[in-house]
Amino acid sequence: MKGYVGSVPIRAVGILAAVLLLAILVMGPAAAQANLGLNSKPFSSTDWEADQGNTSFVAAKAFDGNLSTRWNSDRGDLNGSFLGTRWDTPQTITKIVVREAIDRIRAFRLQQFDTAANDWADVLNVSGDLYTKLRGNLSPPIYTMRLPTPLQTTGIRLVFDDVIEVPTIHEVEVYSTPAGTLQGTVRDEQGAAISGAIVQAGSERAITGSDGKYSLIADAGTYNVTAEKPGAFRKRVARNVTVGPNVATVDFTLTALPPNLALAGKAASSSDWEDGETYNAAKANDGNITTRWNAREDDEDGSWLEIGWDAPQTFTRVNVLQAFDRIRNYTLQRWDEGQADWVDLVTNVAVPRKGGDVPLNNVFAQPITTTKVRLLVVEADAVASVYEMIVSNPATATVKGVVKDAETGQPIPNAVVTSDLGDTVVADANGAFTLVVEPDDYVFSAQAEGYFPGATVARTIQQGETAEITLVLPPPGPNLARTGKPISSSQNPDQPATNVNDDNLDTAWQVDLDRHDNEWVGVTWENPTTFTVVQLRGIQTLVQISSLQVLAEDGTTWVDVPNTTYSAERGPDKDFFIPEGITTKGLRWYIKAVYAVGDNPALAELRVFNAKIPR
């Protein structure tokens, strides 16, 4: 368990945890993951109102690791303005992340300081297609620049060549993160190159050229790499691909999909985003994965997207390619001419949060014939956004199974079963489920209220096959936080720390109203307590950075739990799973920083369990 450094020991459960702890103690923390910009000397062309003594928007604010601060150039300093930083000694740089505060930049250059020439030299010209690629769909944009050849330099500079207003930057992060190159060729079953296929490893993606070749750079690690061309070729997955110092080559052979019937239809929607031009319904059946439909800002639950045809169409599959992971529950419907009304094909399908662009895949055992098909958004975290709605007639197979309690072996009713390719079904009252899928390689998992995630099941499903699987989920057991003594750095008298383990989501702990950063809340136990799961429930502020900490055996030192750094802007609840387990007399949620003064951290419940979490 990396991160436990120095002479302060901590118990871990099992031999594996002890081995991991020893290995990391020997190696020390991974310095390559540090943001080099935090220990540098920032500079800029100008700072906002610096001539009036304003220090709130100086260059140093873009290199302080704080997303609540930012740099602004001064009035009139537009095209040609710059922001950079220097080091006393040369740094090895592999990745730079630029986080805009407001969407104003349209083109910029990355430069490095050339010591020999005593001048700045261009490294990347982020304009045109490269600007579009790096910008992505986020607003405000976050530009991640990976450098195939690491820079060795004492300085970097961003020159803003095209802006619509004075540039304003929350943060420029500079890393020497180990990375690797993944490359290969994507072909069809006849061996012909496929252009425009999307190859993805983690958050990194590349699109194949006319020769079917791709190349991307990703942080060193192990990935499940996917290749697909939505609407044309079925997704394939290469599992456990190692990306590291050597170039990794992964080639794909894709199977052609049957024709996408949606392309010949007409799209309609409950509403379109803003002007109705950029994100209208027609973008969801144009065959272009870079365009999308968005519902209007006030049209979330109850919004809909439909495809209609002049003549009846017959199909067995409807695949909704979401942009972002926003839809939590949906119903798929067909138009019934006889009833002159919509009829459900699948009803109230729950969609677990996964992050990224989550597809909603629906395959039917019996062909559907209709003149219209509609996606009805029952519940969403934000307005629905859809790249493409694909309607087709693929070959099918069947997966049957049951979801069981890991402790009792009894079936779990109403569990949600999903595949990594976007298929979803809800088990019946006996824990049984049947899922119609396309022939492919799958990883199946299940979720159920009152249970933690269990082990996944990987299967290759052949055309016409009926495969049987069993999914097992561990129950949580007792909430160990209830037996602990609440502790906190400070507290609002009306919202004390005792609220954090009272098993009541209607009460909460909050810091003293005059405090916000470097605050914490937790529990201590009289005896060493072992746990594998920590849940934060009802986080009631925008926390910029926080982590879990445990009390070491000396009874006074608190140490970070690895891989628990968390930004609560991503939601009010968070689960941490530690399969190897930790044994300690104290646990706390440590809040390093919030986004703005006045954001007073609060937490409704801290829950702690010792469930059997699969490794």
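The legends below describe close-up views of a predicted model.

Local features are reported only where pLDDT is at least 70 and side-chain atom pairs only at pLDDT 80 or more, whereas totals for chains, interfaces and linings use all residues of this predicted model. Residues are numbered from 1 along each chain as its sequence is written, and side-chain values rest on heavy atoms, with hydrogens and water left out.

View 1. Strand β28 covers residues 440–447, and six of its eight residues are buried (buried means under 20% relative accessible area, exposed over 50% and partly exposed in between, with a 1.4 Å probe and protein chains only). Strands, like helices, are DSSP runs numbered from the N terminus, where a strand (E) needs at least two residues and a helix (H or I) at least four. Strand β25, residues 416–419, runs antiparallel to β28 and is joined to it by four bridges, and two strands are taken as paired if DSSP finds at least two bridges between them. Within this pairing, Thr418 has Ser445 of β28 as its bridge partner. Strand β29, residues 457–461, is also antiparallel to β28, with five bridges between them, and here Asp441 stands opposite Thr460 of β29.

View 2. The side chains of Arg236 and Asp440 form a salt bridge with an N to O distance of 2.8 Å (a salt bridge is a side-chain nitrogen of Lys or Arg within 4 Å of a carboxyl oxygen of Asp or Glu). This pair links distant parts of the chain, since Arg236 belongs to strand β14 (residues 233–243) and Asp440 to strand β28, 204 residues apart. Asp441 likewise forms a salt bridge with Arg236, the closest N and O atoms being 3.2 Å apart. Because Asp441 lies in β28 and Arg236 in β14, this second pair ties together parts that are 205 residues apart in sequence. Arg236 counts as partly exposed at 24% relative accessibility, while Asp440 is buried with a relative accessible area of 5%.

View 3. Strand β22, residues 359–380, is joined to β20 by seven bridges and runs antiparallel to it, with Ala380 of β22 as the bridge partner of Ile327. Nine of the 10 residues of β20 are buried, so this strand is largely enclosed by the rest of the structure.

**View 4. Asn348, a residue with positive phi in strand β21.** Most residues other than glycine have a negative phi. Asn348 is not a glycine, yet it has a positive phi of about 50°, and its place is in strand β21. The residue is partly exposed, with a relative accessible area of 43%.

**View 5. Salt bridges among the 25 in the structure.** The structure holds 25 salt bridges, including one in which the side chains of Arg328 and Asp325 meet at 2.6 Å, N to O. Both Arg328 and Asp325 are buried.

**View 6. A surface patch of negative charge.** Glu274, Asp275, Glu277 and Glu297 gather in a patch of negative charge on the surface. Patches are made of residues with over 30% relative accessible area and no salt bridge, like charges being joined within 9 Å and nonpolar side chains (Val, Leu, Ile, Met, Phe, Trp, Tyr) within 5 Å. Lys and Arg count as positive and Asp and Glu as negative, with His and the chain ends not counted, and the place of a charge is taken as NZ of Lys, CZ of Arg, CG of Asp or CD of Glu. Accessible areas come from the Shrake-Rupley method with a 1.4 Å probe, and for residues only the protein chains shown count as cover. Glu277 is found in the loop between β17 (266–269) and β18 (293–294), and is exposed, with a relative accessible area of 53%.

**View 7. Asp88 in strand β4.** Asp88 is found in strand β4, residues 81–100, and is exposed, with a relative accessible area of 64%. Asp88 and Thr529 are 441 residues apart in sequence and 47 Å apart in space, C-alpha to C-alpha.
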